[in-house]
Amino acid sequence: MESSVAADLVNFLNASPTAFHAVEEAKKKLRSAGYEQISEREDWDLEAGKKYFFTRNHSTIVAFAIGQKYVAGNGFYIVGAHTDSPCLKVKPVSKVSKGGFLEVGVQTYGSGLWHTWFDRDLSIAGRIIIREQKDGSESYSHRLVRIEEPIMRIPTLAIHLDRGVNDGFKVNTQSQLAPVFATSVKADINKPVAENGSVENEVPTDGKKIKETKNSQKHHSFLLQLIATQTGCEPDDICDFELQACDTQPSIIGGAVKEFIFSGRLDNLCMSFCSLKALIESTSSESSLQDEIGVRMVALFDHEEVGSSSAQGAGSPVMFDALSRITSSFSSDAKLLPKSIQRSFLVSADMAHALHPNYMDKHEENHQPKMHSGLVIKHNANQRYATNAVTSFVFREIATKHGLPIQDFVVRNDMPCGSTIGPILASGVGIRTVDVGAPQLSMHSIREMCAVDDVKHSYKHFKAFYEEFSQLDAKITVDI
């Protein structure tokens with residue numbers, strides 16, 4: 001089981017260089033599992049026992065399965081994660097020429113370990129907005145794009161020119177982090193003037209001429225042509241884009257005994273995948289929802305790495321809107337939604353910090369999450385995590401029942417604590433929340449690592465949560 005789940009995760013990671021691609025992969029999995037796509041722009045005609053999903057901005061996706069015995073006012077059982085990871089995003093004007101090189105201007109997204117991006121074989125992926133002509137009318141569409149081969153690199157400075165580099169590598173993210181794309185020598189080869197006076201650059205790129213376009217003042221013509229060729233359009237059809245640099249090294253299962261996953265974006269595509277797979281598998285048979293009184297849901301948000309304050313982030317109304325619209329599809333009584341929220345439960349799933357053997361002093365002595373030891377329940381008295389005694393008990397009780405390992409994490413008092421979508425949704429929606437995550441090393445590096453066993457544990461734990469929460473919750477009494 002563990003190798004199968006881990007292998008599926010690796011495939012998901014390799015198909016998901018960006019949040020847009022991750023959502024596309026999630027859509028494929030949901031459709032093949034019988035989930036019906038609905039739109040936030042349309043009315044929803046929902047039925048008990050059926051399964052649905054919708055996307056927002058194609059970077060956030062929410063999927064849910066309605067129990068056969070669901071009635072308005074019953075609870076929602078949700079696992080929430082995020083689709084984004086720290087990366088280098090292409091600037092709106094990316095054309096940079098310095099010292100005989102063509103570079104691509106990028107801006108930092110999130111809090112990445114930027115030194116790990118040096119000397120990596122990089123490519124580009126994301127989405128573009130293109131202009132299309134059909135039957136004499138003009139329309140615009142969003143297309144995903146990914147250039148597979150390495151086309152860029154951020155070279156480090158030789159130690160001979162920076163003797164003190166090993167005393168501390170400091171990166172100036174404005175001046176030292178632009179990927180090298182080409183040399184101007186090659187770009188200047190053979191520049192015939194076209195009949196209309198525009199410049200054409202004839203260079204060895206699959207034998208095609210690289211033409212100056214209306215966007216050539218903002219972006220290198222080479223780059224625009226590569227994107228257009230990959231998408232099957234002309235460079236002038238590209239109206240805008242959201243692109244980012246991507247590592248071309250594939251995700252892989254590794255280690256001396258094949259116990260690790262080496263990959264980028266484990267934070268947080270690992271939790272996104274495990275929660276999605278758990279929802280799909282917990283609703284796969286005809287009888288899966290037969291006795292279910294609630295709604296099982298997965299919500300994968302964009303922009304967690306930059307604070308979640310966007311139309312598609314966890315700070316937006318997207319989850320509240322979903323709960324509201326599902327409830328109102330079964331009853332027009334507005335009083336039922338607050339009742340439903342109080343019967344609901346959110347598992348905020350975001351990767352956790354495993355104990356690092358070379359930096360053991362960075363962990364609190366009694367809270368040292370280890371690989372192969374299951375999901376980590378995250379606690380913070382100052383509410384950087386939303387876990388409390390009730391919510392941690394619920395999640396721990398499910399683990400105990402299924403013989404699954406479980407761990408606890410508290411940050412050292414003399415160190416700042418990170419946060420997740422948990423407190424944002426707990427305070428914004430009013431839903432009971434537990435913060436958890438699988439342990440990993442090298443968080444926010446271009447290349448991270450986690451344990452194969454913990455992928456299996458996470459999937460099983462989330463699946464058990466979906467299948468058993470309603471019965472467990474009925475036994476818990478708090479506010480009486």
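Student: How do the residues of the lining of the largest pocket divide by class?
Tutor: There are 15 nonpolar, twelve polar and eight charged residues in that lining. Nonpolar covers Ala, Val, Leu, Ile, Met, Phe, Trp, Tyr, Cys and Pro, charged covers Asp, Glu, Lys and Arg, and the others, Gly among them, are polar. The model is predicted, with local features needing pLDDT of at least 70 and side-chain atom pairs pLDDT 80 or more, while totals for chains, interfaces and linings use all residues. Residues are numbered from 1 along each chain as its sequence is written, and side-chain values use heavy atoms, leaving out hydrogens and water.

Student: Which residues lie nearest the centre of the largest pocket?
Tutor: They are A352, H353, H363, M415 and M443, out of 35 lining residues. A pocket is an open set of points on a 1 Å grid over the protein atoms alone where a 1.4 Å probe fits, with protein on both sides within 12 Å along at least five of seven lines; lining residues have an atom within 4 Å of a point. Two or more lining residues come from each of β17 (352-353), α9 (421-429) and β21 (439-441). Such elements are DSSP runs numbered from the N terminus: helices (H or I, at least four residues) and strands (E, at least two).

Student: And what supplies the largest share of the second largest pocket's lining?
Tutor: That is β12, with ten residues. The lining has 43 residues, and C87, K89, E242, L243 and Q244 lie nearest the centre. Its classes are 18 nonpolar, 14 polar and eleven charged.

Student: Changing topic, in what order do the strands of the open sheet run?
Tutor: The order of the five strands is β13-β14-β22-β21-β17, with mixed pairing, where pairing requires at least two DSSP bridges between two strands. β13 (252-254) and β17 are the edge strands, each pairing on one side only. β21 pairs with β22 (residues 448-451) in the antiparallel sense over two bridges, and L441 has M449 in β22 as its bridge partner.

Student: What does α10 touch on the sheet?
Tutor: Helix α10 (residues 452-473) contacts β13, β14, β21 and β22, contact meaning heavy atoms within 4.5 Å. Its direction makes about 65° with that of β22.

Student: At what angle do α8 and α10 pack?
Tutor: Helix α8 (residues 389-401) packs on α10 at about 110°, with the axes 10 Å apart. Axes are lines fitted to C-alpha atoms, for helices over the stretch in contact, and angles run from 0 to 180 degrees between N-to-C directions. α8 is therefore roughly perpendicular to α10, a term for angles of 65 to 115 degrees.

Technical notes
Angles under 35 degrees count as roughly parallel, over 145 as roughly antiparallel, 65 to 115 as roughly perpendicular and the rest as oblique.
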